[in-house]
Amino acid sequence: MIDAHRLRIFRAVVAEGSIGGAAAALGYTPSAVSQHIAGLQRETGLALVERSGRGIVPTDAGTTLAAESATVFDGLSRLDGLVADLRHGRAGTLRVAYFASAGAAWMPEIIAALGREFPDVRLDLRLIELAESDATPPDVEIYVESPETMGDRHGSLTPRPGFDAVPLVTEEYVVVVDEASPFAARSEVTLRELADGAWIDNDVARGPCREGLLRACTAAGFTPDFRVETHDYGTAMRFVAAGVGLTVVPALAVVELPAGVRAIAIAEPTPRRAIAVRRHHRAAHNPVADRVVELLYQQVRRTHGAAAL
């Protein structure tokens, strides 16, 4: 095994053209440099230098070794840089989890920006609705709070061990109807007015979004009659456009409405959901995680306005 330290010293001798020059450049004594060169020759079994007048010059073997070792030291330098990047979060893998409507409305621009700014970071993207219970916890998670904590944006958030959470926005639900609906020309409807409609389900996860909506319907005195079951907001709205029925979705789902439908505000009561972001403690000082949260705030301002934050 070649001693990398001795090899560096030998390369300095070749570069400087003398033991004295290498000693001065490295801050060693000439005697110490000579000892390292002698040791390297013993390790390799090669004559690496030979006398020329009062100095020394590299042999053909020494010249070849010095030249070929350049790629080794370039590689080591890159590894040193990689270690530094890993230590400071500029490389490696960042796990980001999000729910479907956030993925559609916010994540494309966030991921594009991260790809430009942190090209050495691998992004492990996960859809919360499809996450396995035993999966490694994400570094950053954009999630919907449980109905019990919905309400004011500054309300308490459900704690999760190992994470710190902050609220993002509390948004209202709207009803999406087709253009031929008697509600289409209205600016607002009460939730009770929707009781007799043909509802299109849109929540495969049966999670806090659905729970919050059903609680509002119960408060209005009815249970929705779901005639059709779909698994996402986009599909449900296309069923609406085809005249199948109506669907009730959060504001984030109607950032881009499909043709042939109208989104109308709901009152008395207005269903709402709270959206928050939490970061795992292991990513507390990760600059990529910092940037995810910063970009997320930008997206919230884009879709919900400056007053949302």
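I began with Glu145, which is buried, its relative accessible area being 1%. I note at once that the model I am reading is predicted. Tracing the chain around this residue, I placed Glu145 in the loop that runs between strand 5 (140-144) and strand 6 (163-178). I then looked for a partner of its side chain and found Tyr143, the two side chains being joined by a polar contact of 2.8 Å. I also checked Arg273 against Glu145: they are 128 residues apart in sequence, yet their C-alpha atoms are 7.2 Å apart in space.

Next I turned to a pair of helices. Helix 6 (residues 107-117) packs with helix 9 (residues 287-304) at an angle of about 145°, the axes lying 10 Å apart, and I recorded the crossing of helix 6 and helix 9 as right-handed. Listing the residues that meet, I wrote down Glu109, Ile110, Ala113, Leu114 and Glu117 from helix 6, and Val288, Arg291, Val292, Leu295, Leu296, Gln299 and Arg302 from helix 9.

Last I looked at cysteines. Cys209 has a relative accessibility of 11% and therefore counts as buried, the limit being under 20%. I then searched for disulfides, taking sulfur atoms within 2.5 Å as the criterion, and the count came to 0.

Key: Residues numbered from 1 in each chain as written. Predicted model: local features only at pLDDT ≥ 70, side-chain atom pairs only at ≥ 80, totals over all residues. Heavy atoms only, no water. Helix = DSSP H or I, 4+ residues; strand = E, 2+ residues; numbered from the N terminus. Buried < 20%, exposed > 50% of the residue type's maximum accessible area, 1.4 Å probe, protein only. Polar contact = N/O pair within 3.5 Å; in protein donor to acceptor, adjacent residues only side chain to side chain. Axes fitted to C-alpha atoms, helices over the stretch in contact; angles between N-to-C directions. Left-handed = near helix turned anticlockwise from the far one by under 90°. Contact = heavy atoms within 4.5 Å.
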